[in-house]
Amino acid sequence: MDNSPLFTDDTIVFGLLMIALGLIFYTESKTSGFWLKFYKIVPGLFVAYMLPSLFTTIGLIAPEWETINASGEITKHSSNLYYVSSRYLLPAALVLMTLSIDLKAVFNLGWKALIMFFTGTLGIIIGGPIAILLISMISPETVGGVGPDAVWRGLSTLAGSWIGGGANQTAMLEIYGYNQKLYGGMVFVDIVVANIWMAVLLIGIGKSNAIDKWLNADNSAIEALKEKVSTFTDKVKRNPSLKDLMIIAAIAFGTVSISHYLAGFLANYFEDVITKIESPTTRNIFTFLDSEFFWMISIATLIAIILSFTKAKNYEGAGASKYGSVFIYILVATVGMKMDLTLIFNNTGLIFIGIVWMTIHAALLILVAKLIKAPYFFLAVGSQANVGGAASAPIVAAAFHPSLATVGVLLAVCGYAIGTVGAILCTILMELASVS
């Protein structure tokens, strides 16, 4: 059956997403009436995420679809908007948002940021086996299966994705040999649960002050960083000229170009190195090093940090971070269009495992945040650096303030590094839980 959306041309879809973003910002600017009350409850960034998902759910747009011709041949199609946003606009946004960063102030955020990140990692590691034990009491067949069809093998790919990212997820698929015909079901669970959790985190941003009060959190270091960047911005603020705009574009996309070039070189180099490692387990631990996306994000961030020590940081006064925010919102919209809400009703048993798993992850984060009085910012970004990786951790961080996007990237890079090792530990525990 042809499941094409109403709009399949990326030019039209992109225009639809931009109209949606424009309407969101227009309504969010209202100073009275319904919209003022609405956005006091629901953050604009959350709406920018959910509205495209509604477009996908009702069939206006789609990230992927299939068509069948008269002879019965199936052709797969996909939108390139997320790829373009994540590979071009995301690194450009990170550069523009990092130009004015004060690296010393970032490090002054202290140990709580790392504690919350590793708490998130621990929550994923123990959440998987606990979810299997709990679900097995209600529906043993949901967590069953033998050989390559064993559910715990499939869940290992979720552990890889939720601690590291796509490269770690692929590594776990190879390590534990899950039936690739069933792998699509695990991808569904990953998309649905991770996106639901991201939506929850975005809603929480609108309530962050109240949450911080409940946590008795000390967010003085975060406020000091935001204040320092805001003060600097006010100091160098000017009406941008065409020259300013062109130089900002050159800095952003010139860095993207360099990042892609070096990422391709480094990914190919490490691919050759990694394939020569004899131990399969050791080889897969370092799989993230042959990921072009990992190197692209890392290099772009490193170049931006170097530029923050030069006069290039003065382009913040011409609105560099604002243009970065535009790119981030476009990325959010393309992430949202990947979410079809009807997927919640597919593979409901596996999705329920994922929800229980993510709930344990969230509960542990809340508990530790309460104990160490960590602000909601550290909770949200520490979680997303695990679950969402470098593509979405900066989104959540930047929602607090553009200057904080770098924090999300730095933590996400840590996730790539420990993703496979943490996922292997989690999988060992899930296997034990499945046979107990």
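**Close-up views of a predicted model**

Arg 238 has a relative accessible area of 32% and is therefore classed as partly exposed. The structure in which this residue sits is a predicted model, and the legends below describe selected parts of it.

**View 1. Arg 238 is joined to Asp 244 by a salt bridge.** The closest N and O atoms of Asp 244 and Arg 238 are 3.2 Å apart. In general, side chains of opposite charge can pair when their charged atoms come close. The structure holds 2 salt bridges, and the next view turns to Lys 226 and Glu 223, which also form a salt bridge.

**View 2. A salt bridge links Lys 226 and Glu 223 within helix α11.** The closest N and O atoms of this pair are 3.3 Å apart. Both residues lie in α11 and are 3 residues apart, which is about one turn of the helix. Lys 226 has a relative accessible area of 19%; the cut-off for a buried residue is under 20%, so Lys 226 counts as buried. Glu 223, by contrast, is partly exposed, with a relative accessible area of 38%.

**View 3. Six named side chains make a nonpolar surface patch.** The patch covers about 600 Å² and is made by Ile 130, Leu 134, Met 137, Ile 138, Phe 352 and Ile 355. Two helices, α6 (111-138) and α16 (348-372), each supply at least two residues of the patch. Helix α6 gives the most, with 4 residues. Ile 355 is placed in helix α16, and its relative accessibility of 36% makes it partly exposed.

**View 4. Helix α6 packs against helix α7.** The view shows α6, which also contributes to the nonpolar patch, together with α7 (residues 151-163). The two helices pack at an angle of about 160°, and their axes are 10 Å apart. At this angle, α6 is roughly antiparallel to α7, because an angle over 145 degrees counts as roughly antiparallel. The crossing of α6 and α7 is right-handed.

**View 5. Ala 150 occupies the loop between α6 and α7.** Ala 150 is buried, at 3% relative accessibility. The C-alpha atom of Ala 150 is separated by 7.3 Å from that of Tyr 178. Along the chain, Ala 150 and Tyr 178 are 28 residues apart.

**View 6. Asn 216 has a positive phi.** This residue is found in the loop between α10 (208-215) and α11 (220-236). The phi of Asn 216 is near 55°, a positive value in a residue other than glycine. Most residues other than glycine have a negative phi. The view also includes α11, the helix in which Lys 226 and Glu 223 lie.

**View 7. Lys 373 likewise has a positive phi.** Its phi is about 60°, although Lys 373 is not a glycine. Lys 373 is placed in the loop between α16 and α17 (376-387). At 43% relative accessibility, Lys 373 counts as partly exposed. Helix α16, at one side of this loop, also supplies at least two residues of the nonpolar patch.

How values were computed: Residues numbered from 1 in each chain as written. Predicted model: local features only at pLDDT ≥ 70, side-chain atom pairs only at ≥ 80, totals over all residues. Heavy atoms only, no water. Patch = residues over 30% accessible without salt bridge, like charges linked within 9 Å, V, L, I, M, F, W, Y side chains within 5 Å. Areas by Shrake-Rupley, 256 points an atom, 1.4 Å probe, with all protein chains shown as cover. Salt bridge = Lys/Arg side-chain N within 4 Å of Asp/Glu carboxyl O. Buried < 20%, exposed > 50% of the residue type's maximum accessible area, 1.4 Å probe, protein only. Axes fitted to C-alpha atoms, helices over the stretch in contact; angles between N-to-C directions. Parallel < 35°, antiparallel > 145°, perpendicular 65-115°, else oblique. Left-handed = near helix turned anticlockwise from the far one by under 90°.
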